Amino acid sequence: MPVKGLNDNAVAASVAELNARLADMIALRLALKQAHWNVKGPNFIGIHELFDVAHGRLAGHEDTIAERVQILGGVALGTLEAVAGAVTVEAYPTDLVADRDHVAAISGRMAALGEKVRGAIETVSDAGDEGTMDIFVGLSRALDKDLWFIESHLGG
Ligand SMILES: [Fe+2]
């Protein structure tokens, strides 16, 4: 049963945007674990722990995004196969070691996702779904903050 007051076009736009960004979030979250596990360098412990904290925060937002799909009457697409087919985040390299390299690689992907989420805010707002827009606004703010935490390790 769709959310009361939303027309079919708004629901379709929101479900598509939510699932598209869910795929990107899952990919970025896996990249954060890859970085958490493999990073080495003089700032090891802080960066190692920060990647894991950011991973956990992203997981929380994923749950909100996927459950919003359900609230709208759609099907949340979070399997490995669905994500692999939908992801727009650039593939994360498996040969990175140095903390600066991981910080730069994660930061670039997080910034790219942040831009996509800003686009999602506009798309679902134009479609008339303020409830989904609010979820994306919260996600956007959270990504901005974690990007600040992470990229600050690169210095000025
Ligand atoms: Fe760990």
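Helix axes are lines fitted to C-alpha atoms over the stretch in contact, and angles run from 0 to 180 degrees between N-to-C directions. Helices (H or I, at least four residues) are DSSP runs, numbered from the N terminus. The model is predicted: local features need pLDDT of at least 70, side-chain atom pairs count only at pLDDT 80 or more, and totals for chains, interfaces and linings use all residues. Residues are numbered from 1 along each chain as its sequence is written, and side-chain values use heavy atoms, with hydrogens and water left out.

**Exercise 1. Determine how α2 and α5 are oriented to each other, and state which residues meet.**

Solution. Begin with the geometry: α2 (residues 44-71) packs against α5 with the axes 11 Å apart and at an angle of about 170 degrees. Angles under 35 degrees count as roughly parallel, over 145 as roughly antiparallel, 65 to 115 as roughly perpendicular and the rest as oblique. The two helices α2 and α5 are therefore roughly antiparallel.

Next, list the contacts, meaning heavy atoms within 4.5 Å. From α2, the residues include L50, F51, A54, R57 and L58; among their counterparts in α5 are I135, F136, L139, A142 and L143. Finally, sort by class: the contact of α2 with α5 has twelve nonpolar, five polar and three charged residues. Here Ala, Val, Leu, Ile, Met, Phe, Trp, Tyr, Cys and Pro count as nonpolar, Asp, Glu, Lys and Arg as charged, and the others, Gly among them, as polar.

**Exercise 2. Describe the packing of α1 with α5.**

Solution. The axes of α1 (residues 8-38) and α5 (residues 130-151) come within 12 Å and cross at roughly 20 degrees. Helices α1 and α5 are therefore roughly parallel to each other. Their crossing is left-handed, a term used if the near helix is turned anticlockwise from the far one by less than a right angle. In α1, S14, E17, L18, R21, M25, L28 and L32 meet T132, F136, L139, L143 and I150 of α5. By class, this contact of α1 with α5 has eight nonpolar, two polar and two charged residues.

**Exercise 3. Which aromatic rings pair, and how are their planes arranged?**

Solution. A search of the whole structure finds one aromatic pair. The rings of W148 and F149 have centres 5.2 Å apart and planes at 25 degrees, so the pair is stacked. Rings of Phe, Tyr and Trp (its six-membered ring) pair if their centres lie within 6.5 Å; planes under 30 degrees apart count as stacked, over 60 as edge-to-face and the rest as tilted. W148 counts as exposed at 53% relative accessibility, whereas F149, at 29%, counts as partly exposed.

Terms used. Buried means under 20% relative accessible area, exposed over 50%, partly exposed in between (1.4 Å probe, protein chains only).
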